[in-house]
Amino acid sequence: MPPGRRKISRKRGPLPLGTKVSIIHQVLVEHEKQAMVAREFRVSTRVVSRLVCAVQKRRSWLAELRAKQDEAC
């Protein structure tokens, strides 16, 4: 492939709150592997790990996410 034709990777926008809650729920409640959840939501395993670790360190963070999600709806 010629150098001028290479695809430039772009950063995706921020994850919606509903997606964050779904990712956390699948890993912590349904005990799915982080790699499988990352593949399903098309994010990296690092993103899934960061979300899960944030909730495990501070349980109130999940409640704050859900409150924001309820306000948005």
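This is a predicted model: local features need pLDDT of at least 70, side-chain atom pairs count only at pLDDT 80 or more; totals for chains, interfaces and linings use all residues.
Two packed helices are described by the angle between their axes and the distance between the axes. Helix H1 spans residues 17-28, and helix H2 spans residues 34-41. Their axes come within 10 Å and cross at roughly 150 degrees. Angles over 145 degrees count as roughly antiparallel. H1 and H2 are therefore roughly antiparallel to each other. The crossing of H1 past H2 is right-handed. On the H1 side, the contact is made by Thr-19, Ser-22, Ile-23, Gln-26 and Val-27. On the H2 side, Gln-34, Val-37, Glu-40 and Phe-41 take part. Four of the residues in this contact are nonpolar, four are polar and one is charged.

H1 also packs against helix H3. The axes of H1 and H3 come within 10 Å, and the crossing angle is roughly 75 degrees. Angles from 65 to 115 degrees count as roughly perpendicular. H1 and H3 are therefore roughly perpendicular to each other. H1 brings Lys-20, Ile-23, Ile-24, Val-27 and Leu-28 to this contact. H3 brings Val-48, Leu-51, Val-52, Val-55 and Gln-56. Eight of the residues in the contact of H1 with H3 are nonpolar, one is polar and one is charged.

The largest nonpolar core holds 14 residues. Within this core, Ile-24, Val-48, Leu-51 and Trp-61 touch the most other members. H1, H2, H3 (45-57) and helix H4 (60-72) each supply at least two residues. H3 gives the largest share, with five residues. Ile-24 shows how the parts meet. Leaving out residues up to four places away in sequence, Ile-24 touches Val-29, Leu-51, Val-55, Trp-61, Leu-62 and Leu-65.

Gln-26 lies in helix H1. Its relative accessible area is 13%. Buried means under 20%, so Gln-26 is buried. Gln-26 is among the H1 residues that meet H2. Neighbours within four places in sequence aside, Gln-26 is in contact with His-31, Glu-32, Val-37, Glu-40 and Phe-41.

The segment before H1 contains Leu-15. With a relative accessible area of 25%, Leu-15 is partly exposed. Its contacts, apart from neighbours within four places in sequence, are Lys-20, Ile-23, Val-43, Val-47 and Leu-51. Leu-15 and Val-43 are 28 residues apart along the chain. Their C-alpha atoms are separated by 9.3 Å. Leu-51 is also one of the core residues that touch the most other members.

Most residues other than glycine have a negative phi. His-31 is not a glycine, yet its phi is positive, at about 55 degrees. His-31 sits in the loop between H1 and H2. Its relative accessible area is 64%, and His-31 is exposed. Arg-42 belongs to the loop between H2 and H3. At 60% relative accessibility, Arg-42 counts as exposed.

Definitions and conventions
Residues are numbered from 1 along each chain as its sequence is written. Side-chain values use heavy atoms; hydrogens and water are left out. Axes are lines fitted to C-alpha atoms, for helices over the stretch in contact, and angles run from 0 to 180 degrees between N-to-C directions. Helices (H or I, at least four residues) and strands (E, at least two) are DSSP runs, numbered from the N terminus. Angles under 35 degrees count as roughly parallel, over 145 as roughly antiparallel, 65 to 115 as roughly perpendicular and the rest as oblique. A crossing is left-handed if the near helix is turned anticlockwise from the far one by less than a right angle, and right-handed if clockwise. Contact means heavy atoms within 4.5 Å. Ala, Val, Leu, Ile, Met, Phe, Trp, Tyr, Cys and Pro count as nonpolar, Asp, Glu, Lys and Arg as charged, and the others, Gly among them, as polar. A nonpolar core is a set of buried Ala, Val, Leu, Ile, Met, Phe, Trp, Tyr and Cys residues joined through side-chain atoms within 4.5 Å. Buried means under 20% relative accessible area, exposed over 50%, partly exposed in between (1.4 Å probe, protein chains only).
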